[in-house]
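Here are my notes for you, written as a colleague would jot them down. Keep the model open beside you and take the points in order.

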Amino acid sequence: MYSDTIADMLTRIRNANLAFKDEVDVPASNLKKAILDILKKEGFIKDYRYIEDGKQGILKIYMKYHGKKRSKLRTINSIVRVSHAGRRVYVSKDKIPTVNSGLGIAILTTSNPEKPVVTDKEARALGIGGELIAYVW
């Protein structure tokens, strides 16, 4: 059993990225799907697929790299969990950070029912803050 399932997913993605794996499996949840939607939309992963296994389901994540087989370049340089169980990090709409001078994204959860998980750019446009989940660049 994992105490922080989001950190576990991010660690699996980081490890698969470092080993140039084509795909990685993680246990499914709606929050993980929303985070993966953002990573796909921003171009950090190719795609993901939900697989029903009779329990909670599995998310198969297809990793993305640039270049040919022998000279691959990683799309994700770093993926860092910011807020965790022992230290929740909340930001107001005025204090939303920019990641790597705008080259990366910050992923936030909000109280907005239409947009529960957003990027830093979307949060600034909507004028809302929230809990910082992760930085990706």
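1. A word to settle before anything else: a contact means heavy atoms within 4.5 Å. With that in hand, look at the pairs in the protein chain with a separation of 6 or more: residues 24 or more positions apart account for 60% of those contacts.

2. Now some housekeeping. You're looking at a predicted model, where local features need pLDDT of at least 70 and side-chain atom pairs count only at pLDDT 80 or more, while totals for chains, interfaces and linings use all residues. Residues are numbered from 1 along each chain as its sequence is written, and side-chain values use heavy atoms, with hydrogens and water left out.

3. What does the secondary structure of the protein chain come to? The tally is 3 helices and 10 strands, where helices (H or I, at least four residues) and strands (E, at least two) are DSSP runs numbered from the N terminus. Reading along the sequence gives the pattern α-β-α-β-β-β-β-β-β-β-β-α-β.

4. On to overall size. The radius of gyration (taken over C-alpha atoms) is 15 Å, which agrees with the value near 14 Å that a compact globule of 137 residues would have. That globule rule is 2.2 Å times the number of residues to the power 0.38. Along its principal axes, the C-alpha trace spans about 45 × 40 × 30 Å.

5. How much of the chain is buried? Buried residues make up 42% of the 137; buried means under 20% relative accessible area, exposed means over 50%, and partly exposed is in between (1.4 Å probe, protein chains only). The chain exposes about 8000 Å², and carbon and sulfur atoms supply 51% of that. Those areas come from the Shrake-Rupley method with a 1.4 Å probe, and for residues only the protein chains shown count as cover.

6. Next, find the open sheet of 3 strands, with the order 1-3-2 and antiparallel pairing. Its edge strands are strand 1 (23–27) and strand 2 (45–51), each pairing on one side only. Neighbouring strands here are turned by 20 degrees against each other on average, direction ignored. For the terms: two strands pair if DSSP finds at least two bridges between them, and axes are lines fitted to C-alpha atoms (for helices over the stretch in contact), with angles from 0 to 180 degrees between N-to-C directions.

7. Zoom in on strand 1 and strand 3 (residues 58–63), which run antiparallel and are joined by 5 bridges. You can trace some of the partners: in strand 3, K60 is the bridge partner of D25, and Y62 is that of E23. Two helices pack on this sheet. Helix 1 (residues 5–18) touches strand 1 and strand 3, and its direction makes about 170 degrees with that of strand 1. Helix 2 (residues 30–41) touches strand 1, strand 2 and strand 3, at about 155 degrees to the direction of strand 2.

8. Which residues of strand 1 form the covered face, and which the uncovered one? V24 and V26 make up the covered face, while E23, D25 and P27 make up the uncovered one. In a regular strand the side chains alternate between the two faces of the sheet.

9. A28 comes in the loop between strand 1 and helix 2. It counts as buried because its relative accessibility is 9%. Leaving out residues up to four places away in sequence, A28 touches Y50, Q56, G57, I58 and L59.

10. Is R81 buried or exposed? With 17% relative accessibility, R81 counts as buried. Its side chain makes a polar contact with the side chain of D4 at 3.1 Å, and also reaches the backbone oxygen of S83 at 2.7 Å. A polar contact is a pair of N or O atoms within 3.5 Å; within protein, one must be able to donate a hydrogen and the other to accept it, and residues adjacent in sequence count only if both atoms are side-chain atoms. Beyond four places in sequence, the residues R81 touches include I6, A7, L10 and I133.

11. Last, check two backbone angles. Most residues other than glycine have a negative phi. F20, in the loop between helix 1 and strand 1, has a positive phi near 55 degrees, and F20 is partly exposed at 29%. S101 also has a positive phi, of about 55 degrees; S101 counts as exposed at 75% relative accessibility.
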